[in-house]
Amino acid sequence: MGGLTGRTALVTGASRGIGRGIARRLARDGALVAVHYASGESEAKETAALIGEEGGRAFTVRADLAETDQTAELFRVMEREFTERTGSSALDILVNNAAYGGRPALPEDVTVELMDQYLAVNARAPLLVAQRALKLMRSGGRIVNISSGITRSAQPDMIAYAMSKGVLEQLTLHLARHVADRGITVNSVAPGRTDNGSPLFSNPAAVARMAELSAFKRVGQVEDIADVVAFVASDDARWITGSFIDATGGTLLG
Ligand code: NAP
């Protein structure tokens with residue numbers, strides 16, 4: 001029996017990368033996991049299948065989080081699935097992990113369209129998802145926002161992405177105060193360069209450059225982040241709320 005047995009979780013952007021790693025870890029700890037995706041249906045089904053092979057329980061839910069009207073459908077499906085499987089639509093853990101990766105653009109080159117997309121997916125959607133999640137969330141609930149070390153270390157060509165993650169950290173701070181009387185915690189976990197399975201991480205020269213950034217001289221693995229999220233989601237982290245948790249492998253030490 002894992003520490004999350006009897007709990008339910010929603011992990012956004014769990015079709016691949018860090019989100020998949022988080023979904024697998026929470027399921028291994030006993031949670032029934034809603035594996036959210038936008039376009040990667042087969043990848044999300046693969047996440048759910050991997051969880052099943054590991055003895056866990058999961059199902060998939062779809063929503064393009066840039067489209068505000070799709071959040072309602074995500075929750076309709078998730079609540080139905082939770083109720084069928086547990087007899088209740090209650091939610092215990094929300095991990096706001098989905099993000100628009102976008103493309104580098106120097107401050108003078110950031111377009112309105114690029115900025116809007118970053119803000120829609122990385123900043124507005126986590127609030128809209130949290131609003132609905134909080135209607136279902138039990139005492140002892142957890143909201144974990146996946147931010148980035150880039151909010152603490154300047155990289156001018158990533159200014160738009162970094163701004164969107166800065167907004168997400170404000171969601172953590174202010175929401176944490178608001179829901180504390182319900183016994184719910186809200187925290188930000190900030191990865192550094194983490195191998196999410198994208199082609200960049202098959203390029204040895206690029207990996208060597210990224211590894212140099214970490215105090216441990218390697219890039220992060222999804223498990224490095226998933227293990228931190230699992231702790232924040234556990235009962236052991238009940239006294240931590242409103243925090244920025246540096247999970248960059250010491251990148252911010254400089
Ligand atoms: P990733 O591999 O690029 O996966 C992104 C996930 O977000 C996918 O599941 C994708 O779903 C989903 N997504 C993208 N646009 C969406 C939209 N409009 N609506 C709904 N879902 C959407 O990401 P990752 O690298 O694992 O990163 C995970 C989190 O860690 C993100 O918040 C990211 O900002 C943060 N982070 C990552 C790194 C890193 O080095 N990897 C570093 C710092 C922070 P579909 O594929 O189904 O469309």
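A14 is buried, with a relative accessible area of 0%. Buried here means under 20% relative accessible area, exposed means over 50%, and partly exposed lies in between (1.4 Å probe, protein chains only). The model is predicted: local features need pLDDT of at least 70, side-chain atom pairs count only at pLDDT 80 or more, and totals for chains, interfaces and linings use all residues. Residues are numbered from 1 along each chain as its sequence is written, and side-chain values use heavy atoms, with hydrogens and water left out.

Start with the surroundings of A14. This residue sits in the loop between β1 and α1. Helices (H or I, at least four residues) and strands (E, at least two) are DSSP runs, numbered from the N terminus. Leaving aside neighbours within four places in sequence, A14 is in contact with G19, R20, A23, V35, H36 and T47. Contact means heavy atoms within 4.5 Å. R142 is 128 residues from A14 along the chain, and the C-alpha atoms of the two are separated by 17 Å.

Now step back to strand β1, residues 8–11. T8 and L10 point one way, A9 and V11 point the other way, and all are buried. In a regular strand the side chains alternate between the two faces of the sheet. β1 pairs with strand β2 (residues 32–37) in the parallel sense, over four bridges. Two strands pair if DSSP finds at least two bridges between them. The bridge partner of A9 in β2 is V33. Between β1 and β2 the chain passes through helix α1 (residues 17–28), and this β-α-β crossover is right-handed. Right-handed means that, with the strands pointing away from the viewer, the path from the first strand over the helix to the second runs clockwise.

β1 has another parallel partner, strand β4 (residues 91–96), over three bridges. In β4, V95 is the bridge partner of V11, and I93 stands opposite A9. Six of the six residues of β4 are buried, so β4 is largely enclosed by the rest of the structure. Five bridges join β4 to β5, and these two strands run parallel. Here V95 stands opposite V144 in β5. β4, helix α4 (residues 112–136) and β5 make a right-handed β-α-β unit.

Next comes the nonpolar packing. A nonpolar core is a set of buried Ala, Val, Leu, Ile, Met, Phe, Trp, Tyr and Cys residues joined through side-chain atoms within 4.5 Å. The largest such core has 31 residues, of which I22, L26, V33, V95 and V189 touch the most other members. The elements that give two or more residues to this core are β1, α1, β2, α2 (41–53), β4, β5 (137–146), α7 (222–233) and β9 (244–247). α7 gives the most, with seven residues. Apart from this core lies another, of 30 residues, among them A63, L91, L136 and V186. As for V33, not counting residues up to four places away in sequence, it touches A9, V11, A23, L26, A27, R57, A58 and F59.

Turn to the ligand. It is surrounded by 29 residues, and the closest are S15, S39, N97, Y161 and N196. A residue counts as near a molecule or strand if one of its heavy atoms lies within 4 Å of it. A polar side-chain atom of R16 lies 2.9 Å from an oxygen atom of the ligand. The backbone also takes part: an N or O atom of T194 lies 2.8 Å from a ligand oxygen, and one of A99 lies 3.4 Å from a ligand oxygen. A polar contact is a pair of N or O atoms within 3.5 Å; within protein, one must be able to donate a hydrogen and the other to accept it, and residues adjacent in sequence count only if both atoms are side-chain atoms.

N97 is buried, with a relative accessible area of 11%. A polar atom of its side chain lies 3.0 Å from the backbone oxygen of G13. Leaving aside neighbours within four places in sequence, N97 is in contact with T12, G13, I18, G19, I22 and I146.

T185 lies in strand β6 (residues 185–191) and is buried, with a relative accessible area of 5%. K217 lies in the loop between α6 (204–213) and β8 (220–221). K217 is partly exposed, with a relative accessible area of 47%. Most residues other than glycine have a negative phi. K217 has a positive phi of about 55° although it is not a glycine.
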